[in-house]
Amino acid sequence: MTIAESIETVKENIARAQAASQFAAPSVLLLGVTKTQTIEKMRQAEAAGITDFGENRVQEMMSKYDEFPQINWHLIGHLQTNKVKYIIGKTVLIHSLDSIALAQEIEKRSAAADLVTNALVQINIAEEETKSGIHEEELADFLQAMADYPHLRIQGLMTIGPHVEAPEEIRPVFAELRKLFEREKQKALPHLDLRYLSMGMSYDYPIAVEEGANIVRVGSSIFGARY
Ligand SMILES: *Cc1c(COP(=O)(O)O)cnc(C)c1O
């Protein structure tokens, strides 16, 4: 399959998942995850209609950034505070806000650049020790604390599904994240702009869409296996 055909297939699967579930969002952003992928493959994806790329490392994103002036860049991997300065003003959304220290650094750098940086709070809902993210029970306090950072706009939640034998086993985790998201949205805190639920990768994006994801992060199902 070509990259364009793979993207078509992913889009069809997303549409099918939307039609199958009452929880599905009316529109879902397909984020092309481009880590380790070549500029040539990325050009094919852009030509096939992908508007947003996700990279999980700052250095790799920066090395590709100038090649794609029309693309919206998302940082989806763990972000170290000492790397924040490189991406301020270059990413439409950071998916991996996972600590107060990181929020402070984003605030400081964004204020200095006189702009606002958008981010999602990464939740470690599966409580896997290998994953970053804040725990479910800390979320309400964490979101409250974001009022101190006017140059950081919290736009939603992100999670990475647990490693399981069958994708269907992930469903309760995604359903839980949707409930958390709804709960926090209902509070309507004025300093928050909760609108995105980023969950689902190649292995599990149809289930994520059925459970309300409106951003899915898909790499290998578009570009093939990573080497
Ligand atoms: C690599 C990555 C993805 C995409 O993974 P695939 O299984 O290739 O679709 C999604 N989200 C994050 C955070 C990633 O690091």
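## Helix α7

Helix α7 is followed by Ala188, whose phi is positive, near 50°. Helices here are DSSP runs of H or I with at least four residues, strands are E runs of at least two, and both are numbered from the N terminus. The model is predicted: local features need pLDDT of at least 70, side-chain atom pairs count only at pLDDT 80 or more, and totals for chains, interfaces and linings use all residues. Residues are numbered from 1 along each chain as its sequence is written, and side-chain values use heavy atoms, with hydrogens and water left out.

Buried means under 20% relative accessible area (exposed is over 50%, partly exposed in between; 1.4 Å probe, protein chains only). Contact means heavy atoms within 4.5 Å.

## Nonpolar cores

The largest nonpolar core has 61 residues. Leu97 and Val121 touch the most other members. A core is a set of buried Ala, Val, Leu, Ile, Met, Phe, Trp, Tyr and Cys residues joined through side-chain atoms within 4.5 Å. A second, separate core has seven residues, including Ile76, Leu93, Leu120 and Met158.

Not counting residues up to four places away in sequence, Leu97 touches Ala103, Ile106, Val121, Phe142 and Ile154, among others.

Ala103 sits in helix α5 (residues 100–112). Ala103 counts as buried because its relative accessibility is 0%. Leaving aside neighbours within four places in sequence, Ala103 contacts Leu97, Met146, Tyr149 and Leu152.

Asn124 lies in the loop between β5 and α6. Asn124 is buried, with a relative accessible area of 4%. With neighbours within four places in sequence set aside, Asn124 contacts Lys131, Ser132, Gly133, Ile134 and His135.

## Largest pocket

The largest pocket has a volume of about 320 Å³. A pocket is an open set of points on a 1 Å grid over the protein atoms alone, where a 1.4 Å probe fits, with protein on both sides within 12 Å along at least five of seven lines. Grid points are joined across faces, edges and corners, and the volume is the space filled by probe spheres set on them.

The pocket is lined by 19 residues, each with an atom within 4 Å of a point. Lys35, Asn56, Ile76, Ile160 and Met201 lie nearest its centre.
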